[in-house]
Amino acid sequence: MTALRTPEPDEAEILTQLCLRSKAVWGYDAAFMTACRSALTVAVADWQQSDIQVAVDDGKIVGVAQVMYHGDAAELDKLFVDPDALGGGIGRRLFGWSVETALNRGAKVMTIDADPGAADFYRRLGAVDDGMVASTVVPGRFLPRLKLDLANVPPR
């Protein structure tokens with residue numbers, strides 16, 4: 001049974017490696033993955049600047065979600081699942097945790113700057129397209145921006 005818990009700061013490198021493995025499932029080349037490393041790095045400072053949750057299965061971290069806040073808006077900064085655990089509902093559970101956490105913090109909307117390969121996952125969970133945003137990693141690349149109106153999320 002997969003459990004959710006708050007990770008410890010000394011697990012930051014484990015979480016960074018998970019993010020990199022997960023991102024790589026979309027078939028990106030080594031140069032792209034190197035360029036993404038800073039954006040996918042989980043740093044000790046993240047524990048003070050955001051809410052982070054991991055999914056653990058049989059003692060192994062198999063997923064991570066990170067939510068940041070800007071006024072009454074939440075941003076799903078990271079949601080990654082280990083490639084070996086894809087399709088098992090972990091991403092959906094972490095997304096649910098992210099929504100609940102944002103609501104508890106008083107957020108009205110959650111934004112998601114999604115990998116193009118992951119955008120449909122968020123759409124299936126109720127997020128809608130809200131334009132495009134320039135990649136912070138690759139000049140000239142644009143990512144779908146999605147948003148979830150948290151006022152329309154049924155209470156849990």
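Visitor: Why is D58 called exposed in this structure?

Guide: In this predicted model, D58 has a relative accessible area of 79%. Exposed means over 50%, so D58 counts as exposed. D58 lies in the loop between β2 and β3.

Visitor: What is said about the phi of D58?

Guide: Phi of D58 is near 55°. That is a positive value in a residue other than glycine.

Visitor: Why is D10 counted as exposed?

Guide: The relative accessibility of D10 is 68%. The cut-off for exposed is over 50%, so D10 belongs in that class. D10 is in the loop between β1 and α1. D10 and A43 are 33 residues apart in sequence, and their C-alpha atoms are 9.4 Å apart in space.

Visitor: What makes A3 partly exposed?

Guide: A3 has a relative accessible area of 39%. Buried means under 20% and exposed means over 50%, with partly exposed in between. The value for A3 therefore falls in the middle class. A3 is found in strand β1, residues 3–5. Leaving out residues up to four places away in sequence, A3 touches V54, A55, V56 and R93.

Visitor: Why is Q53 called buried?

Guide: Its relative accessible area is 8%. Buried means under 20%, so Q53 is buried. Q53 sits in strand β2, residues 50–57.

Visitor: Which residues does Q53 touch?

Guide: Not counting residues up to four places away in sequence, Q53 touches L4, R5, T6, P7, G63, V64, A65, L94 and W97.

Visitor: How do you know that the side chains of Q53 and T6 make a polar contact?

Guide: The contact between these two side chains is 3.4 Å. A polar contact is a pair of N or O atoms within 3.5 Å, so the value is inside the limit.

Visitor: Which residues touch the most other members of the largest nonpolar core?

Guide: This core has 28 residues, and L76, L79, F95, M110, I112, Y122 and L150 touch the most other members. At least two residues each come from β3 (60–70), β4 (73–81), α4 (90–104), β5 (109–113), α5 (119–124) and β7 (142–149). The element α4 gives the most, with 6 residues.

Visitor: What does I112 touch?

Guide: I112 touches L76, F95, Y122, A127, P144, R145 and L146, again not counting residues up to four places away in sequence.

Visitor: What is the volume of the largest pocket?

Guide: The largest pocket has a volume of about 970 Å³. It is lined by 39 residues, and the closest to its centre are L79, F80, D113, D115 and Y122. Two or more lining residues come from each of α1 (12–24), α2 (30–40), β4, α4, β5, α5 and β6 (128–134). The largest share, 7 residues, comes from β4.

Key
Residues are numbered from 1 along each chain as its sequence is written. This is a predicted model: local features need pLDDT of at least 70, side-chain atom pairs count only at pLDDT 80 or more; totals for chains, interfaces and linings use all residues. Side-chain values use heavy atoms; hydrogens and water are left out. A nonpolar core is a set of buried Ala, Val, Leu, Ile, Met, Phe, Trp, Tyr and Cys residues joined through side-chain atoms within 4.5 Å. Buried means under 20% relative accessible area, exposed over 50%, partly exposed in between (1.4 Å probe, protein chains only). Helices (H or I, at least four residues) and strands (E, at least two) are DSSP runs, numbered from the N terminus. Contact means heavy atoms within 4.5 Å. A polar contact is a pair of N or O atoms within 3.5 Å; within protein, one must be able to donate a hydrogen and the other to accept it, and residues adjacent in sequence count only if both atoms are side-chain atoms. On a 1 Å grid over the protein atoms alone, a cavity is a set of points where a 1.4 Å probe fits but cannot get out, and a pocket is an open set with protein on both sides within 12 Å along at least five of seven lines; lining residues have an atom within 4 Å of a point. Grid points are joined across faces, edges and corners, and a volume is the space filled by probe spheres set on the points.
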